[in-house]
Each structure stands twice: as C-alpha cells, then as structure tokens.
Amino acid sequence: MQIGGLVKFSLSDYTGYPCAVIFCQGCNFRCPFCHNGDLLDCKATTTIPEEEVMAFLDKRKNILPAVVISGGEPTLEPDLPGFISKIKSIGYKVKIDTNGSNPAILATLLDQQLLDFIAMDIKAPKDKYNKLCGIKTNITDIIKSIQITTKSNLPHLFRTTWVKSLLSEKDIKTIISWLPDGANHITQKFRPETALTPGL
Ligand code: SF4
C-alpha cells in the first residue's frame, strides 16, 4: 500500500463514528478543485509504511470503531482488498471514499464483504464530467459505480464539491436527478485556498 497520510482521530469522516483516516497516495483524476494535491502523484516516495499504520490501528482498536480509506484514489492500490481485510480482522468498520472510476474493484470489495460504508464523488453532470475531473473519464465506469453503490444495501453517500464557477445550481439539480431514487447526495463546500487550480 502506498499511504500518503494518516489522520489519527476524526469525528467528521464516518457518519456516527469516531474514526482514523488513511490517505492512499496517487490519483487518476486531476480535479481542478482538489485540495489533496500532495496525494496525487502515484510515484511519491515519502509514504508512511503500512506496518506503521497497522501498528497504530492495532493499538487503538479498543478505542476507535472505524477507519476511512480515502485518497488520492484507494481503488488504484493493488493490495487494497488484502489491506482492508487486515483492518477488518482486528474489528474495525471500514468506509471507502472513491471517485468511482474503478467499479470492478468496488464490486470485489463488496463481494468479499470488506466494506461497511461507501462515499462516492459525483463530480458533475455527465456532459461536464471530463472538465471537473481534469482528465478524459470513462463515464460508463462512473455509472456502474453509482449502480453498485446504490444496490450494495450499505450506508452510502454521493458527494459533489460545489465550485460555483464551474457548476451551476441547474448542474446540481441535474446530478441529483441522475442518481437513483433514494440515493443520498450532499454538496460539499469548496475550499479555494487549497485548490489544485488557483483562482477558481
Ligand atoms: S478530488 Fe479529484 S484529484 Fe483530488 S483526490 Fe479526489 S478524485 Fe483525485
């Protein structure tokens, strides 16, 4: 696992539970509004050893109930199922934060019962997806991940960072109408001071 960061205690990343947050290093998107610029490079060398993270989780297992695997994009990690498996084996609930670009891995994690919560970013309405991701996206994969998430029967959340210079109110309504009935969707506050692209 390429781990670029660890937050040892958070009350705001897993609904209803205090948690630790593990940030995977590397992302396949380049969202202009991203505030995790340091986590995007897949070849970064200043990562935290997995053993160090596991030792921390083992020590806190009777205090912390949950772990969030965030990024970067966690589904790019080839060892992700094995890593989550180790975390679950010591008793943690696990939430994944994903950009939805890898439905096959998401399905594998669900098949292996490795997830308790899914949070998926919905960057934009379909016609603006490439612009808001900063790359050419496979929208079919995004649609598949939406379907997998909503059919998972797990608690889930779809999240859109609302950058008002890039997304109109109509765009947000279009996103909501795109999601299946009953899907949970929230908008997140954009933080311009840490954005990948300045001046948005
Ligand atoms: S905001 Fe975009 S670029 Fe940043 S980590 Fe998430 S998916 Fe990757």
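Leaving aside neighbours within four places in sequence, which residues is His-156 in contact with? The contacts of His-156 are Phe-117, Ile-118, Thr-149, Thr-150, Ala-183 and Asn-184, where contact means heavy atoms within 4.5 Å. The model is predicted: local features need pLDDT of at least 70, side-chain atom pairs count only at pLDDT 80 or more, and totals for chains, interfaces and linings use all residues. Residues are numbered from 1 along each chain as its sequence is written, and side-chain values use heavy atoms, with hydrogens and water left out.

His-156 belongs to strand β6 (residues 156–162). Strands (E, at least two residues) and helices (H or I, at least four) are DSSP runs, numbered from the N terminus. The relative accessible area of His-156 is 11%, so the residue is buried. Buried means under 20% relative accessible area, exposed over 50%, and partly exposed in between (1.4 Å probe, protein chains only). Ile-118 is 38 residues away from His-156 in sequence. In space, the two C-alpha atoms are 4.7 Å apart.

Helix α2 (80–89) has the buried residues Leu-80, Pro-81, Phe-83, Ile-84 and Ile-87. These buried residues fall within an arc of 160 degrees seen down the axis of α2, so they line one face of the helix. The arc is that of the directions from the helix axis to the C-beta atoms. The cover over the buried residues of α2 includes β1 (3–10), β2 (19–24), α1 (50–60), β3 (66–70), β4 and α3. Gly-91 follows α2 and has a positive phi, near 105 degrees.

Helix α3 spans residues 103–111. Its buried residues are Pro-103, Leu-106 and Leu-109. They cover an arc of only 120 degrees around the axis, which puts them on the same side of α3. Ala-104 and Asp-111 are exposed, on the face turned away from the buried side of α3. Covering the buried residues of α3 are, among others, α2, β4 (93–98), β5 (117–121) and α5 (139–151).

Two residues other than glycine have a positive phi. Most residues other than glycine have a negative phi, and most peptide bonds are trans. Gln-113 has a phi near 55 degrees and is found in the loop between α3 and β5. Its relative accessible area is 65%, so Gln-113 is exposed. Asn-153 has a phi near 65 degrees and lies in the loop between α5 and β6. Asn-153 counts as exposed because its relative accessibility is 74%.

The peptide bond that joins Gly-71 and Gly-72 is cis, with omega about 10 degrees. Gly-72 is placed in the loop between β3 and α2. Gly-72 is also one of the residues that surround the ligand. A residue is near a molecule or strand if one of its heavy atoms lies within 4 Å of it. The shell comprises five nonpolar, two polar and two charged residues. Ala, Val, Leu, Ile, Met, Phe, Trp, Tyr, Cys and Pro count as nonpolar, Asp, Glu, Lys and Arg as charged, and the others, Gly among them, as polar.

Thr-137 lies in the loop between α4 (129–133) and α5. With a relative accessible area of 13%, Thr-137 is buried.
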